[in-house]
Amino acid sequence: MFSRWSAAIAAAIFLSSSALQGAGAADKPTDPQIAHIAYTAGVIDINAAKQAQKKAKSKDVKAFAEDMLRDHEAVNKQALALVKKLNVTPEDNDTSKALSRQASEKLVELGKLNGAAFEKAYVANEVAYHKAVNSALEAQLIPSANNAELKSLLQTGLKIFQGHQQHAEHVAAGLK
Amino acid sequence: MRLGRLFSISIALVVAAMAVPARAATIEITMENLVISPAEISAKVGDTINWINKDVFAHTATAKNGDFDVTLPPKTSATSILKRAGTIDYYCRYHPNMKATLKVEH
């Protein structure tokens, strides 16, 4: 069961959101797993932003990376405070592992690019990544969360990341 | 005597208050949980907007027509004075899904 939903989420995040449609309610991730996935997704975007801060030259792209860093750190700080309060230990799982692995590959791939090519690829990936995370939050993580405070934090996260997606789309449009 | 003086002072105060035009209002607009409220509000030229960011995230109040662009770090507030009339659509630059409208009348 576990591998089925985690595969579905990983596929959704990296391939398409339609992969989520097949996941049934019985395959729900647990709260400690959801907390781990959400936190991992944040760390991934923080690392991507740090890479962009080093490599990007464009003022808009640099500013965007700084916004990502600031917001995702703020969300993850709240997430850590919440799991501490609830006395929950985030549980590593196949989805988190798949996310981290694919993100490392992306960092290597983007690391080979420079200048405008890097900026374009970084921003395009930010659009796709936020879109995929938002789909996973909406379709799987939020409906699966049991704890009301965790659910509420995920819902706030969704609104922030939807904002990031729009912001990234604006930046992408400006690069063309 | 004393009572009479007090009375004349209070009359003077009332007259003074009447002579001054209606004081400009201060209107509070809050950003909380990525939502701007009220989403639509009317104000008058000369009024002050008190922007209150209750989130742990930074926001901005950025007018599409360039009339204002206020940056609000987490848990802070700031003010702007409305200088001209018009319907102003504004949003948060960091989270463009946060949108609202301000109607400024003469």
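Ala48(A) sits in helix H2 of chain A, where helices (H or I, at least four residues) and strands (E, at least two) are DSSP runs, numbered from the N terminus. Ala48(A) is buried, with 22 other C-beta atoms within 10 Å. Here is what the labels mean: a residue is buried if 20 or more other C-beta atoms lie within 10 Å of its own, exposed if 12 or fewer, and partly exposed in between, with C-beta atoms placed from the backbone. In sequence, Ala48(A) and Glu105(A) are 57 residues apart, but in space they are 11 Å apart, C-alpha to C-alpha.

This is a predicted model: local features need pLDDT of at least 70, side-chain atom pairs count only at pLDDT 80 or more, and totals for chains, interfaces and linings use all residues. Residues are numbered from 1 along each chain as its sequence is written, while chains are lettered from A and ligands numbered from 1 in the order in which they are written.

**Helix packing in chain A**

- Helix H2 (residues 31-55) of chain A packs against helix H5 (residues 115-144) of chain A at an angle of about 170°, their axes 11 Å apart; axes are lines fitted to C-alpha atoms, for helices over the stretch in contact, and angles run from 0 to 180 degrees between N-to-C directions.
- H2(A) and H5(A) are therefore roughly antiparallel to each other (under 35 degrees counts as roughly parallel, over 145 as roughly antiparallel, 65 to 115 as roughly perpendicular and the rest as oblique).
- Ala48(A) is one of the H2(A) residues making this contact, and the H5(A) residues include Tyr129(A) and Leu141(A); two residues are in contact if their C-beta atoms, placed from the backbone, lie within 7 Å.
- Sorted by class, the contact of H2(A) with H5(A) has 11 nonpolar, one polar and two charged residues (Ala, Val, Leu, Ile, Met, Phe, Trp, Tyr, Cys and Pro count as nonpolar, Asp, Glu, Lys and Arg as charged, and the others, Gly among them, as polar).

**The nonpolar core**

- The largest nonpolar core has 56 residues, and Ala38(A), Val61(A) and Leu141(A) touch the most other members; such a core is a set of buried Ala, Val, Leu, Ile, Met, Phe, Trp, Tyr and Cys residues joined through C-beta atoms within 7 Å.
- Setting aside neighbours within four places in sequence, Leu141(A) is in contact with Ile34(A), Ile37(A), Ala38(A), Ala136(A) and Leu154(A).

**Where the chains meet**

- Across the interface, 13 residues of chain A are in contact with 10 residues of chain B.
- H6(A) gives the largest share of chain A's side, eight residues.
- That side of chain A has two nonpolar, seven polar and four charged residues.

**Chain B and its sheet**

- Chain B has one helix and nine strands, and buried residues make up 23% of its 106 residues.
- Five strands form an open sheet in the order E3-E9-E8-E5-E6 (chain B), with mixed pairing; two strands pair if DSSP finds at least two bridges between them.
- Strands E3 (40-44) and E6 (69-72) of chain B stand at the edges with a single partner strand each, so one side of each is left without a neighbour in the sheet.
- From one strand to the next, the twist averages 20°.
- E8(B) and strand E9 (residues 99-105) of chain B pair in the antiparallel sense over six bridges, with Gly86(B) partnering Val104(B) in E9(B).
- Strand E5 (residues 59-63) of chain B runs antiparallel to strand E8 (residues 86-91) of chain B, joined by two bridges; Thr62(B) has Tyr91(B) as its bridge partner.
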